[in-house]
Amino acid sequence: MEEICRPCSREDLEEILEEIWTTLELKNEIPASGARIPTAAAGDKLEMLVSEGLVRQQDKDVILTDEGFRKAKEIIRSHRLAERLLHDVLDLQSEEMERSACRYEHMLGTEAADSVCILLGHPRTCPHGKAIPPGDCCEAGETTLRPLVVPLTELDSGETATVAYVGTRDNARLSYLTSLGVMTGRPVQLVQRHPSYIVKIDETTVAFDDAIAREIFVRPAHRKRPTSKAGGRRFRWRNGRG
Amino acid sequence: MEQAAKTEQTMPPAHGGDPQERKLVLVGNPNVGKSKIFSMLTGQYVIVSNYPGTTVEVKSGKATDLDYYVVDTPGITSVVPRSEEERVTLKTLLSGKVAAVLQVGDAQNLRRTLLLTLALLETDLPVVLDLNIADEAEKKGYVIDTARLSKSLGIPVVMTVATEGKGRRELLDAVSRPSKSSLRFAYDPRIEKAVSELAACLPDYPVSKRSVALTLMSGNLSLVDSLPGGGETENRSIKEIITRTQVQVLEPLSRVIMDARMALVERLIRECVVHKESMGFRSRFAGILDRFSTHPLGGMVLLLGILFVIYEFVGVFAAGTVVDFFQNVIFGEILLPPIIGVLSRIPYALLRDFLVGPYGQITMGITYAIAIVFPTVTAFFIVFSFLEDTGYLPRLEVILNRLFSLIGLNGKAVIPIVLGFGCGTMAAIVTRILETRRERIIATLILALGIPCAPQMGMILGMFARIGFVPLVLFFVLLTVQLIAAGWLASKLLPGQTTAFVTELPPYRLPQLRNVAGKTVYRSYWFVREVIPWFLLGTALLFVADVTGALPGLKNLLSPVVVGLLSLPADTSEGFILGLLRREYVAAYFFDIYGRGLIDNLQAFVATMVMTLFVPCVANTFVIMKERGLLVGLAIVCFVVVYAITAGGILNAVLRLLHVTF
């Protein structure tokens with residue numbers, strides 16, 4: 001059977017949300033926003049959950065909020081997708097798989113989880129047969145994986161991104177691009193793709209062709225997926241705790 | 001502060017000797033206004049434009065208010081040179097006698113500017129940093145604490161608006177007291193180890209060995225060979241050290257070095273720059289124009305629109321209306337009759353004919369140059385100078401990159417080719433901005449073969465203003481197809497690959513009337529000074545040939561080609577002979593005889609094609625040989641002559657076969 005991960009201090013809230021979800025599942029309830037939660041599941045962290053807006057107290061009941069539901073769904077999704085990945089692709093056995101999945105669930109953001117989901121072909125259940133909550137990528141039926149770091153050629157016109165690295169070993173070209181401002185960590189905006197690529201970096205506008213664009217790897221600022229908003233909020237929540 | 005500068009001037013020079021000993025070298029990223037600062041310091045006029053690569057040669061002059069010999073250099077993006085003209089800048093720094101370096105930077109692009117500053121500081125030369133284009137930076141909301149930046153860098157930092165002359169006094173003051181920076185920063189220990197190892201192999205330079213070592217590690221290994229003064233054994237050990245370090249570090253060395261500099265730059269920017277809300281400086285119009293001019297379709301439409309305006313202004317207005325006025329009214333009615341009246345009293349027939357005969361200095365030489373070519377060329381220079389200052393030319397690179405890749409060039413080559421429409425000689429020099437020899441040869445070939453220079457273009461447009469617009473379009477389509485075919489063939493024959501295209505697009509700027517007018521006057525003056533002697537010489541040669549009877553013989557000799565192949569009157573061979581001296585001369589010649597009804601539309605069409613393709617003028621040929629070497633130069637010239645005649649013959653035959661008469 002699926003184990004609940006041992007809580008470690010930083011990820012406490014995520015662990016409790018995970019526990020709430022599985023408890024509801026065990027009671028054969030379909031977890032949803034507004035579901036009544038057994039007080040025991042919240043344990044001694046009830047106050048913290050309330051202050052984070054993840055649950056609210058209504059009379060004597062503890063109710064899962066929209067935010068709490070969404071968070072819980074995300075963490076369960078990440079955990080079970082990680083299990084699938086470790087089990088199906090990396091062929092890890094039960095115990096090792098569990099240990100790793102417990103770590104991965106906190107590391108996989110919404111976007112990374114979606115990428116894993118697409119990679120695995122939108123699996124419905126985890127290796128233990130439990131349901132994997134569908135993500136936006138499942139609804140959109142996406143079949144091609146879009147990695148988090150992509151060559152500039154993959155960006156759409158108008159999209160902004162951060163330069164991840166310039167993948168050339170040509171020292172002279174590297175020096176030149178760096179001097180133009182194309183360097184790790186700088187935000188870029190792709191202005192157009194045809195007939196040549198044009199990007200803006202600070203107050204510099206640079207034009208180049210395919211050969212160069214393929215060597216510049218970037219982290220898109222926000223994907224044009226419906227998940228983008230959720231991803232942003234998750235990030236903020238984590239920051240707040242950090 | 002003015003006072004300080006003056007005192008410095010009256011004091012005996014620190015190093016003694018003539019002022020050439022104390023060089024102030026202007027260095028900076030492309031298109032930041034180095035040439036304008038040069039003008040400011042020396043009072044000399046230099047062409048300034050709004051595109052990277054305006055300056056491809058080192059210019060120097062005595063500073064007016066300082067004890068310096070100021071040297072303007074082509075812009076460099078980093079200390080690792082990419083093309084010949086960037087190499088020139090580095091050579092200047094390595095040449096010695098550099099009293100100080102004045103780095104000119106764009107205040108809006110401080111990151112890039114400082115990245116270069118750090119590299120310059122490592123040379124151990126005294127450096128002064130001038131942040132130019134301060135007005136645009138201010139409008140975009142950048143507030144720069146120059147005092148603090150100056151303290152952190154350990155060198156004087158000033159801000160200027162060179163186009164308006166703002167900040168001149170502060171600049172003079174700063175330049176008069178350059179100081180060596182005490183700023184030191186360390187790289188990765190493995191890099192540092194390599195630096196000291198490399199220093200042991202390097203010969204002595206006027207700059208620190210540390211900076212040379214770091215530059216070598218930031219570039220490709222081939223850079224080692226282009227280093228002046230290095231012996232073969234030393235170079236081999238230098239390469240060994242670099243390769244060994246590269247194997248240890250794994251990451252490209254230039255990245256490790258750049259990252260270290262960048263970390264410091266980021267810290268400086270955090271400390272010294274505040275970016276407030278922009279004042280919405282970029283006008284909506286500039287934004288729309290920006291998108292439109294690089295749009296695959298919009299850009300083409302805009303380009304055709306611009307070409308049409310040039311046709312109307314240069315061809316129809318200048319070469320038509322204005323030239324008519326000059327030729328018929330000013331020369332025909334006002335100037336020539338009294339002059340001829342006076343001179344025809346000269347008792348010596350030979351002298352009389354020399355001045356006012358059919359091959360007379362005044363009636364042919366001066367009239368061609370001043371009445372026909374001068375107005376046209378001036379009109380072209382006006383349009384050209386205007387376009388240069390808007391920042392449009394680099395956008396053209398974006399539009400034409402794909403087309404240029406067909407002929408083994410990339411978008412960068414647009415600049416020399418477009419400049420070729422101004423003057424082929426100048427353009428042949430500007431091919432230096434291209435990265436490889438192969439690209440420079442192809443670009444030179446295209447320029448020599450079929451890019452009509454301004455006067456020629458003016459004449460072509462003037463002629464077609466009478467023949468018709470459709471034939472003009474046909475003419476340029478045919479010409480373009482030939483150039484692409486020739487370029488394609490050359491790219492297949494020459495070994496090597498097309499290099500990747502990267503270029504910087506300057507912002508659109510509204511051209512300043514003063515600058516456009518200044519450039520036009522400067523270029524027109526250059527034209528008069530440079531070209532009229534050639535016109536007079538050409539006319540004199542024709543005169544001599546005519547008098548001695550050599551001309552008819554020459555015409556007979558060329559008749560099979562001129563008459564047989566091209567179906568032109570036998571007399572026109574003298575036009576082609578003139579063309580060897582100056583391109584615009586042959587153009588003016590055909591313009592003239594077409595105007596007088598001596599050739600019909602079809603003949604004019606064929607003649608225009610041949611003279612466009614025909615051999616470049618003497619000056620151009622010399623420059624080609626100088627830049628590309630005698631052998632390549634000769635090969636290009638021979639090819640062009642044979643090709644022009646063959647193509648003209650085929651064109652003539654096809655048009656006649658199809659009964660096209662226009």
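In the predicted model, the contact between the two chains draws 35 residues from chain B and 27 residues from chain A. On the side of chain B that touches chain A, the elements giving two or more residues are α4 (110-121), α12 (253-272), α17 (392-405) and β9 (502-505) of chain B. By residue class, this side of chain B consists of 14 nonpolar, 13 polar and eight charged residues.

Strand β9(B) also takes part in strand pairing with chain A. Its partner is strand β8 (residues 204-208) of chain A; the two strands pair in the antiparallel sense, over four bridges. Within this pairing, Thr503(B) of β9(B) is the bridge partner of Ala207(A).

A further residue of chain B that contacts chain A is Gly219(B). Gly219(B) lies in the loop between α9 (209-218) and α10 (222-225) of chain B. Apart from neighbours within four places in sequence, the contacts of Gly219(B) are Asn171(A), Ala172(A) and Ser175(A) in chain A, and Val80(B) in chain B. Gly219(B) counts as buried because 26 other C-beta atoms lie within 10 Å, where the cut-off for a buried residue is 20 or more. Leu307(B) is 88 residues from Gly219(B) along the chain, and the C-alpha atoms of the two residues are separated by 41 Å.

Chain A contains an open sheet of three strands, in the order β1-β3-β2, with antiparallel pairing. Strands β1 (36-37) and β2 (55-58) of chain A are the edge strands, each of which pairs on one side only. Strand β2(A) is joined by four bridges to strand β3 (residues 61-64) of chain A, and these two strands run antiparallel. In this part of the sheet, Gln57(A) stands opposite Val62(A) of β3(A).

Chain B as a whole comprises 29 helices and nine strands. The radius of gyration of chain B is 28 Å, close to the 26 Å given by the globule rule for 662 residues, and chain B is therefore as compact as a globular protein of that length. The C-alpha trace of chain B spans about 80 × 55 × 55 Å along its principal axes. Of the 662 residues of chain B, 48% count as buried. Among the contacts in chain B with a separation of 6 or more, 75% are between residues 24 or more positions apart.

Technical notes
Residues are numbered from 1 along each chain as its sequence is written. Chains are lettered from A and ligands numbered from 1 in the order in which they are written. This is a predicted model: local features need pLDDT of at least 70, side-chain atom pairs count only at pLDDT 80 or more; totals for chains, interfaces and linings use all residues. Two residues are in contact if their C-beta atoms, placed from the backbone, lie within 7 Å. Ala, Val, Leu, Ile, Met, Phe, Trp, Tyr, Cys and Pro count as nonpolar, Asp, Glu, Lys and Arg as charged, and the others, Gly among them, as polar. Two strands pair if DSSP finds at least two bridges between them. A residue is buried if 20 or more other C-beta atoms lie within 10 Å of its own, exposed if 12 or fewer, and partly exposed in between; C-beta atoms are placed from the backbone. The radius of gyration is taken over C-alpha atoms; the globule rule is 2.2 Å times the number of residues to the power 0.38.
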